[in-house]
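Have the sequence and the structure at hand while reading.

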Amino acid sequence: MALHDTLSTDLPPAPVPGLRPADEVMALSRLGSLHASRLSFSRSLVRQMIRERWQLECERFALDAQGYGDAIYRVATPSGIFRFVVFAHYLDPSQRRDRVVANDWDLAFVLCKGDLSSSDLEELRANVPRQEAGRCSARVLTLSRANRSQRNFEAVVERLAEGRQPDAEWFENVGYLYRTTAVYGNGKFGIGDYEYLRQGKTFARPFAAELFTVYMVRHFAFAQVEHIARQRAPATAVPLAAPLKRYLGIGNSTGLGMAPFLISHPQLIDRWIHMRETAIARIHALGPITPGQHDRLAVLVERARRYIRQTHTDDAAQSESNRRIEQDLAALQRWLSLMARQVDTQHGPQPDWRQLSAMAQRHGSVETQELINSLLLELHPAQVNALEDHLSVDSAPALQADMTAATLRDLIETHYAWALAYNFDDPAEQRYFWYRAATKEEPRVGRRGQDRGAEREMLLGVARTIRHCYDALSAFIDTTPEADVVDFLLAEPDYRAITRRIQTLATLPYGEIRANLLGPDCRPLDLLRCKLSFFGAGKFDPRSDRWVRITLFQGAPLVDDLSSVDEEFDWFMATRPDPRAVETS
Amino acid sequence: MHVSYSELIATSEKAFEALGMRPGERAEAAEMVAWLQLHGLSGVRELGKALAYLPREAGTRLAELWRAENIRVFSAQGAGILCTGGLAVDAGVALASRQGLATVRVEDCHNRALIVGYLARSARHGTSVLAYWRNAGRSQAHAVSLSATEEFPTLRTYVTSQRQETDQSLTLIMSRRFDLRPHFHEDVADERIVQSIAATDMRSEREHALEHGLNVDQTVWNDLKTIAAGVLVDDGL
């Protein structure tokens with residue numbers, strides 16, 4: 001079997017007209033306004049689990065009365081058998097920290113392939129709770145940890161032990177029982193490589209194994225709180241109501257560690273954005289909005305308004321943005337009401353999706369525009385779902401050494417005008433630098449001239465490197481106008497990496513984030529949000545401009561639902577369940 | 001020591017960065033070492049031989065000694081392939097693209113076995129390649145060939161009767177027009193071939209390594225990790 005022949009992932013679908021220009025799409029502020037959509041990886045994963053009827057079974061549940069111990073779940077998919085193994089132990093509340101630099105957690109867990117012997121389990125027990133300090137074998141596919149929500153966990157246990165359900169309102173603010181701080185995959189600390197995962201079909205899509213691990217810890221969390229409640233009050237304890245379980249996701253705290261990925265994987269970023277833009281362009285090319293679509297859109301807009309109202313954050317900018325979205329959605333509802341008669345009667349000018357987007361562009365905030373794009377995707381599974389098979393990229397950046405140096409300069413002028421527009425003679429444009437901290441190699445941002453580490457700067461300043469390369473190339477061409485790229489690189493070997501990047505991305509318009517990551521206007525949070533939106537994250541709650549809390553899988557079907565619902569199970573922008581639904585469940 | 005493929009790439013790249021290698025070179029060099037290890041060609045062992053010399057080699061440029069229509073001769077100026085091999089291969093690919101057939105010779109060059117990892121790139125560009133080098137004083141020669149249509153090269157090591165004390169060169173022959181294969185002339189008897197590695201060997205090595213991980217020399221790995229820590233900043237936070 002060839003390395004990557006299991007999914008037709010490397011070739012994008014046929015190009016469609018009407019894609020938005022990269023200058024618009026790849027602006028950092030817009031990328032930092034993206035919302036989850038049906039193309040997000042967690043959505044795609046859940047559809048796959050339902051479609052393939054994955055079987056999840058608890059093989060071992062060895063928890064004491066306080067919920068400490070270990071558990072093993074067997075996961076059967078059409079392509080293989082996997083195990084989710086979780087270790088729970090007491091954590092002093094003072095040690096419960098969100099940052100990646102923590103050394104102890106309430107839960108530590110792994111997703112493994114195949115069967116587990118008792119010695120395998122002991123090896124996991126010895127290493128998994130140590131996380132970065134341990135070593136795992138290649139049979140381990142992901143490695144992660146999570147901390148309890150101090151607010152929710154004990155309160156939920158207490159209510160269940162009393163025989164009552166928790167208030168759904170609790171979960172508006174904090175929509176989870178556990179919060180992960182890192183989910184490691186792709187070979188970290190000795191675990192299996194993504195190259196291997198891609199050979200199988202189960203977790204071949206981007207971050208599928210990592211997200212399934214998050215889904216499984218959500219499942220374990222429900223079992224654990226119910227177990228503790230039962231142990232505490234066997235006579236009165238009740239299980240957590242299914243609507244509340246569905247409304248609970250898993251929290252995540254994400255810092256700068258995620259940011260360099262977006263710069264170091266430009267072909268992958270191009271593909272993700274390209275597929276999202278392809279979906280939007282396909283929808284724009286459709287005819288007028290039908291009455292059925294109009295009604296469904298009205299339902300989704302109302303739900304989106306409710307979702308935004310139920311999103312709480314202390315961050316002033318995000319709060320303001322949320323308020324603006326709600327206003328914009330209210331305006332959209334008024335427009336939909338006006339259009340309702342025309343759509344129903346088929347008389348007069350018929351609105352279409354392109355018109356809707358144009359209106360959002362004229363009157364809505366950037367975040368509203370992108371939310372409406374997510375709504376459009378939600379309404380069109382036939383135009384969107386198949387694109388999930390094209391979200392991986394196999395090819396590596398390639399140098400074209402026989403290109404003329406003059407052509408390379410043309411490429412820079414054509415595709416990197418945005419980078420050349422920065423003036424790097426102005427010290428402000430290099431105010432910040434990115435570095436790897438000695439503590440767990442976590443990426444951080446320092447202020448040049450003030451903080452230590454500028455001499456070990458990570459090369460994330462693409463715009464600055466482009467400028468330097470362009471200047472050196474222009475000087476080289478002045479003396480040797482007929483030379484090839486290889487001659488330029490023999491003379492200026494420092495520009496080998498950026499030359500390869502320029503040549504590779506010349507045909508990939510969405511590969512480059514069009515911002516100077518060293519300058520005063522860079523908000524690292526925007527990088528995080530872009531990637532998290534593709535994961536399917538919601539409830540963005542910035543804690544500073546460098547880290548954010550989010551929720552994954554809020555609204556997702558439960559393990560028990562998987563065999564009874566279809567792929568189009570609706571969990572888009574899940575809102576607080578109706579108390580009557582909780583009572584009757 | 002068990003490590004993953006991507007872990008080997010990441011750690012090697014950081015180590016090369018800490019040693020002062022240029023951005024383009026260090027990423028490629030890390031991938032080449034890992035590629036060799038993944039395919040059972042002892043990339044980490046070869047890296048171990050080079051590691052002590054890299055601090056002074058990093059930053060060395062390929063110096064052009066001579067060029068003609070389809071020939072380029074460079075000096076690596078005593079540096080190893082990790083610092084110079086990528087550009088040498090690129091020069092050959094560019095020349096073959098223009099001329100159909102190209103010869104690149106790199107003199108005063110070390111750790112030449114590591115060139116194998118770079119050759120797959122020429123195949124991706126539709127160029128067939130034959131690499132040849134001899135070990136000084138050991139009467140051994142190495143030929144590696146890769147067709148433009150193939151994923152894996154064929155490696156042959158054989159004993160040669162021609163002793164040459166100071167041959168530190170590497171020759172690359174590249175063609176856009178025909179395949180280059182290490183089929184020996186009839187006066188090179190089969191029994192003199194001391195090692196032959198074919199595509200099937202490499203494919204099975206890779207499948208096993210991806211499923212079970214890579215086994216690497218613990219000392220070299222520890223050295224790599226120690227060097228790689230040189231890119232980290234102790235910011236006191």
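A salt bridge is a side-chain nitrogen of Lys or Arg within 4 Å of a carboxyl oxygen of Asp or Glu. The model discussed here is predicted.

## Salt bridges between the chains

By that definition, chain A and chain B are joined by eleven salt bridges. One of the salt bridges pairs A:Arg444 with B:Asp235, whose side chains meet at 2.6 Å, N to O.

## The interface as a whole

The size of an interface is often given as the accessible area lost when the parts come together. For chain A and chain B, the buried area is about 3,900 Å². Carbon and sulfur atoms account for 49% of it.

Chain A contributes 46 residues to the contact, and chain B contributes 43 residues. On the chain A side, the residues that lose the most area to chain B are A:Arg436, A:Leu490 and A:Arg496. Together they make up 17% of what that side buries.

## A salt bridge within chain A

Over all chains, the structure holds 66 salt bridges. One of them lies within chain A: A:Arg38 pairs with A:Glu568, and their closest N and O atoms are 2.8 Å apart. A:Arg38 sits in the loop between α2 (28-31) and α3 (41-51) of chain A, while A:Glu568 sits in the loop between β11 (548-552) and α23 (579-584) of that chain, so the pair ties together parts that are 530 residues apart in sequence.

## Helices α2 and α3 of chain B

In chain B, helix α2 (residues 23-38) packs against α3(B) at an angle of about 135°, and their axes are 7 Å apart. The two helices are therefore oblique to each other. From α2(B), the contact uses B:Val33, B:Leu36 and B:Gln37; from α3(B), it uses B:Gly43, B:Val44, B:Arg45 and B:Leu47. Sorted by class, these are four nonpolar, two polar and one charged residues.

## Helices α3 and α8 of chain B

Helix α3 (residues 43-51) of chain B also packs with helix α8 (residues 218-228) of chain B. Here the angle is about 60° and the axes are 10 Å apart. Angles of 65 to 115 degrees count as roughly perpendicular and those under 35 as roughly parallel, so α3(B) and α8(B) are oblique to each other. Their crossing is left-handed.

Which residues make the contact between α3(B) and α8(B)? On α3(B) they are B:Val44, B:Leu47, B:Gly48 and B:Leu51, and on α8(B) they are B:Val220, B:Asp223, B:Leu224 and B:Ile227. The contact has six nonpolar, one polar and one charged residues.

Technical notes: Residues are numbered from 1 along each chain as its sequence is written. Chains are lettered from A and ligands numbered from 1 in the order in which they are written. This is a predicted model: local features need pLDDT of at least 70, side-chain atom pairs count only at pLDDT 80 or more; totals for chains, interfaces and linings use all residues. Side-chain values use heavy atoms; hydrogens and water are left out. Axes are lines fitted to C-alpha atoms, for helices over the stretch in contact, and angles run from 0 to 180 degrees between N-to-C directions. Helices (H or I, at least four residues) and strands (E, at least two) are DSSP runs, numbered from the N terminus. Angles under 35 degrees count as roughly parallel, over 145 as roughly antiparallel, 65 to 115 as roughly perpendicular and the rest as oblique. A crossing is left-handed if the near helix is turned anticlockwise from the far one by less than a right angle, and right-handed if clockwise. Contact means heavy atoms within 4.5 Å. Ala, Val, Leu, Ile, Met, Phe, Trp, Tyr, Cys and Pro count as nonpolar, Asp, Glu, Lys and Arg as charged, and the others, Gly among them, as polar. Buried area is the accessible area (1.4 Å probe) that two parts lose on being put together, summed over both.
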